[in-house]
Amino acid sequence: MAEVSLHDAQSPPVPTSTTSHIGHATAVGAAGFAWCSLILGLHTAGVIDAADGTIVLAGTFFYGGIVQLVAGFFALAAGATFAASFLTAYGAFWLGYTVIEFWAAPHIAGNAAAAAKAHGASAEAAAAAGGHAVMQSLGLFLIAWLVVTLVFAVASLGTNAVIVSAFALLTLTIVLLVTAYLGASSAGVPSDSVLHTAGYVEIALAAVAFYLVLAELTNDIRGRTVLPLFALNPDRQAVPQTA
């Protein structure tokens with residue numbers, strides 16, 4: 001009979017395969033989007049006075065930007081193309097927003113004001129020209145994002161009612177912001193009524209996004225549907241992290 005050593009008897013079996021599980025990246029990324037939408041919606045609607053608004057840039061950079069971007073990469077690794085696409089896109093959006101507020105807008109305003117002064121404008125007129133240039137630039141920036149959002153809105157029709165509602169509200173928010181910025185006065189002051197309306201719509205968007213996060217987390221923890229997302233195509237097998 002073959003002799004079995006004590007070492008062999010006590011050695012644990014060598015695993016023949018390993019498995020990995022990637023969690024719901026949508027919940028991770030959507031939480032950052034919801035946070036940014038809420039705080040900016042409150043500021044834009046004039047509900048809370050955040051001075052010049054730069055205090056929120058830490059959140060838009062880290063939570064809305066970096067965290068959402070990383071979540072998008074995990075969604076891509078899990079094979080969730082739709083989730084990966086919108087998470088990385090809007091992660092980049094919030095990073096871009098931070099850069100605009102921190103650097104690009106002051107730079108644009110300074111250049112426009114300097115050009116106006118070079119043509120003999122007063123200090124007040126030069127400042128107004130700078131503000132107007134910033135508003136026009138923001139409007140152009142958001143027009144491009146409106147096209148991106150419309151693409152996602154159409155694609156979301158194959159997911160669920162919560163995601164469709166989120167993209168519908170996001171589309172409306174961007175339309176209102178574009179209207180407010182491109183319709184700004186010559187002094188660079190956007191329409192308060194349109195801007196405040198955009199803020200309230202953004203708050204509603206944040207509420208929908210937070211519900212999406214809550215539903216994803218609760219349903220995952222309980223292992224069953226507790227908070228429905230109202231699938232629009234129930235006959236189709238759910239795509240990971242997009243249901």
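Let us walk through this structure from its overall plan down to a few single residues. What you see is a predicted model, so please read each value below as computed from that prediction.

Start with the whole chain. The protein has 243 residues, and 41% of them are buried. Its secondary structure consists of 7 helices and 0 strands, so if you follow the elements from the N terminus on, you read α-α-α-α-α-α-α. Now look at who touches whom. Among the contacts with a separation of 6 or more, 73% are between residues 24 or more positions apart.

Next, turn to a pair of helices, H3 and H4. Helix H3 covers residues 57-77, and helix H4 covers residues 81-118. Their axes are 7 Å apart, and the two helices pack at an angle of about 155°. Because angles over 145 degrees count as roughly antiparallel, H3 is roughly antiparallel to H4. The crossing of H3 with H4 is left-handed. Sorted by class, the residues in this contact are 18 nonpolar, 8 polar and 1 charged.

Is Thr98 buried or exposed? Its relative accessible area is 10%, and because anything under 20% counts as buried, Thr98 is buried. Leaving aside residues up to four places away in sequence, Thr98 touches Leu57, Thr60 and Phe61. With one of these, Thr60, the link is a polar contact: the side chains of Thr98 and Thr60 are joined at 2.8 Å.

Helix H4 has another partner to show you, helix H2, which spans residues 25-44. The axes of H2 and H4 come within 10 Å and cross at roughly 35°. This crossing is left-handed. On the H2 side, the contact is made by Ala25, Thr26, Gly29, Ala30, Phe33, Cys36, Ser37 and Leu40. On the H4 side, the residues are Ala83, Phe86, Leu87, Tyr90, Trp94 and Tyr97. By class, the contact of H2 with H4 has 11 nonpolar and 3 polar residues, with no charged ones.

Asp220 is partly exposed, with a relative accessible area of 44%. How far apart are Asp220 and Gly23, in sequence and in space? In sequence they are separated by 197 residues, yet from C-alpha to C-alpha they are 9.0 Å apart.

Finally, step past the end of H7 into the segment after it, where you will find Phe230. Most residues other than glycine have a negative phi. Phe230 is not a glycine, but its phi is positive, at about 60°. Phe230 is also exposed, with a relative accessible area of 51%.

How values were computed
Residues are numbered from 1 along each chain as its sequence is written. This is a predicted model: local features need pLDDT of at least 70, side-chain atom pairs count only at pLDDT 80 or more; totals for chains, interfaces and linings use all residues. Side-chain values use heavy atoms; hydrogens and water are left out. Axes are lines fitted to C-alpha atoms, for helices over the stretch in contact, and angles run from 0 to 180 degrees between N-to-C directions. Helices (H or I, at least four residues) and strands (E, at least two) are DSSP runs, numbered from the N terminus. Angles under 35 degrees count as roughly parallel, over 145 as roughly antiparallel, 65 to 115 as roughly perpendicular and the rest as oblique. A crossing is left-handed if the near helix is turned anticlockwise from the far one by less than a right angle, and right-handed if clockwise. Ala, Val, Leu, Ile, Met, Phe, Trp, Tyr, Cys and Pro count as nonpolar, Asp, Glu, Lys and Arg as charged, and the others, Gly among them, as polar. Buried means under 20% relative accessible area, exposed over 50%, partly exposed in between (1.4 Å probe, protein chains only). A polar contact is a pair of N or O atoms within 3.5 Å; within protein, one must be able to donate a hydrogen and the other to accept it, and residues adjacent in sequence count only if both atoms are side-chain atoms. Contact means heavy atoms within 4.5 Å.
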